[in-house]
Amino acid sequence: MSAQPGIDRGHTDDLMSFLRASPSPYHAVASAAERLEKAGFRRIEETAPWDGAAGGRFLLRGGAIIAWYVPEGAEAATPYRIVGAHTDSPNLRVKPIPDTGAHGWRQIAVEIYGGALLNTWLDRDLGLSGRITLRDGSHHLVSVDRPLMRVPQLAVHLDRSVNTEGLKLDKQRHMTPIWGLGGVEEGDLIRFVAEEAGVAAEEIAGWDLMTHSVEPPAYLGRDRELVAGPRMDNLVSVHAGTAALIAAAHQELPYIPVLAAFDHEENGSQSDTGADGPLLGTVLERSVFARGGAYEERARAFAGTVCLSSDTGHAVHPNYAERHEPGHHPRPNGGPILKVNVNQRYATDGAGRAVFAAACERAGVPWQTFVSHNSMPCGTTIGPITAARHGIATVDIGIAILSMHSARELCGAQDPRLLAKALHAFLGA
């Protein structure tokens with residue numbers, strides 16, 4: 001099989017491994033933490049005292065991770081360079097009372113998380129992942145990465161209009177997965193999960209469980225110049241940000257490089273692990289104070305800080321080009337995109353454009369610009385939230401993909417590596 005010239009597949013191969021290992025936000029932060037620990041970063045607890053010594057640190061809270069590297073000689077007022085991202089993706093999440101069914105089918109009650117493209121979850125083999133919480137307060141990751149559930153579509157013989165009038169799905173009635181035959185048994189799913197996790201069912205006091213597609217990521221196309229896979233929005237950025245931070249560590253830098261990957265972006269970021277919560281600000285402030293600073297140094301550090309909020313954006317769709325702004329058509333393998341919206345759905349301004357362009361130039365990577373069609377509503381991400389909440393200069397960027405919010409998305413095979421290079425230049429140059 002021929003390969004597109006110029007594509008370095010090492011980074012993208014590693015991304016595909018990261019995607020497989022990260023079926024839930026909790027797994028994603030565990031995967032990032034494992035890589036950071038191997039690179040010499042140490043985990044610290046929020047409830048423990050912090051010191052201001054040089055070196056790499058990270059903390060985990062639920063589905064969020066904040067990691068940073070303090071260079072030798074960093075002063076209390078040293079500013080930060082932040083890569084922001086999010087760990088969550090739209091999917092189907094298990095309800096508090098999960099066991100349901102009808103007409104001899106056993107089913108799992110689910111709630112729609114985020115703006116999922118519902119039709120992409122039909123007739124797809126689904127696994128189960130997330131975390132369970134035991135009575136002693138400990139958390140355990142769970143991943144059943146094999147065909148376990150399926151949301152079956154109604155046969156065309158029973159819905160003759162589906163191909164002429166379009167598919168109409170009711171979130172409550174039509175999206176309940178099946179996972180077996182027989183009568184409904186209360187506690188059945190949690191007993192199954194307990195067995196998979198190797199714990200006693202009666203010890204499980206809570207759970208945060210969700211479905212995921214078990215189909216692995218794969219190269220696509222004649223020359224394998226594309227990648228199809230789940231959760232690219234936004235684990236591509238989490239993976240690239242982790243790689244960039246590790247590469248930037250141990251350098252003599254005039255600032256402190258940071259990775260901030262939050263949960264709950266897909267439903268508004270308003271949680272203790274979301275970008276609209278206090279987590280990032282608290283971490284940055286404590287780092288200032290641990291290095292002997294006070295409010296004055298905190299204010300100076302924040303004033304000199306810049307954040308690249310990295311999230312996926314829309315590649316031009318060949319079948320729906322009229323939905324895109326005519327003068328801005330991001331293409332796969334064209335490099336990372338600068339996301340602009342004058343109504344502040346993205347936080348980018350002219351000064352931010354200069355920062356991003358300089359990073360791409362240092363990295364030797366091309367870049368593109370995305371802006372929405374004036375007649376189409378524009379999405380948003382953690383960038384404006386970060387800028388407004390912390391008073392930090394923020395620039396929204398990402399890579400261009402197709403099928404955003406699908407159970408399986410599509411990007412250029414080169415773009416994840418180009419993004420990582422640009423992020424490294426931003427953090428470490």
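**Entry 1: Asp 208 and Arg 131**

I looked up the pair Asp 208 and Arg 131 and found a salt bridge, with the closest N and O atoms 3.1 Å apart. I take the term to require a side-chain nitrogen of Lys or Arg within 4 Å of a carboxyl oxygen of Asp or Glu. The pair links distant parts of the chain: Asp 208 lies in strand E10 (residues 204-213) and Arg 131 in strand E7, 77 residues apart. Strands (E, at least two residues) and helices (H or I, at least four) are DSSP runs, numbered from the N terminus.

I then checked accessibility, where buried is under 20% relative accessible area, exposed is over 50%, and partly exposed is in between (1.4 Å probe, protein chains only). Arg 131 counts as buried at 18%, whereas Asp 208 is partly exposed at 30%.

**Entry 2: Basis of the model**

I note that this is a predicted model, in which local features need pLDDT of at least 70 and side-chain atom pairs count only at pLDDT 80 or more, while totals for chains, interfaces and linings use all residues. Residues are numbered from 1 along each chain as its sequence is written, and side-chain values use heavy atoms, with hydrogens and water left out.

**Entry 3: Other salt bridges**

A search of the whole structure gave 19 salt bridges. Among them I inspected Asp 123 and Arg 150, whose side chains meet at 4.0 Å, N to O. Asp 123 sits in the loop between strand E6 (105-113) and strand E7 (126-134), and Arg 150 in the loop between strand E8 (139-149) and helix H3 (162-165), 27 residues apart. Asp 123 is partly exposed at 35% relative accessibility, and Arg 150 is partly exposed at 32%.

Glu 185 forms a salt bridge with Arg 191, the closest N and O atoms being 3.8 Å apart. Glu 185 is partly exposed at 44%, and Arg 191 is partly exposed at 40%. I also found Arg 42, Asp 51 and Arg 57 linked in a network of salt bridges.

**Entry 4: The sheet**

I traced an open sheet of nine strands with mixed pairing, in the order E1-E2-E3-E13-E4-E14-E18-E16-E17; two strands pair if DSSP finds at least two bridges between them. Strand E1 (42-43) and strand E17 (368-370) stand at the edges with a single partner strand each, so one side of each is left without a neighbour in the sheet. Strand E4 (residues 80-86) and strand E14 (residues 306-310) pair in the parallel sense over four bridges. Within E14, Cys 307 stands opposite Ile 82.
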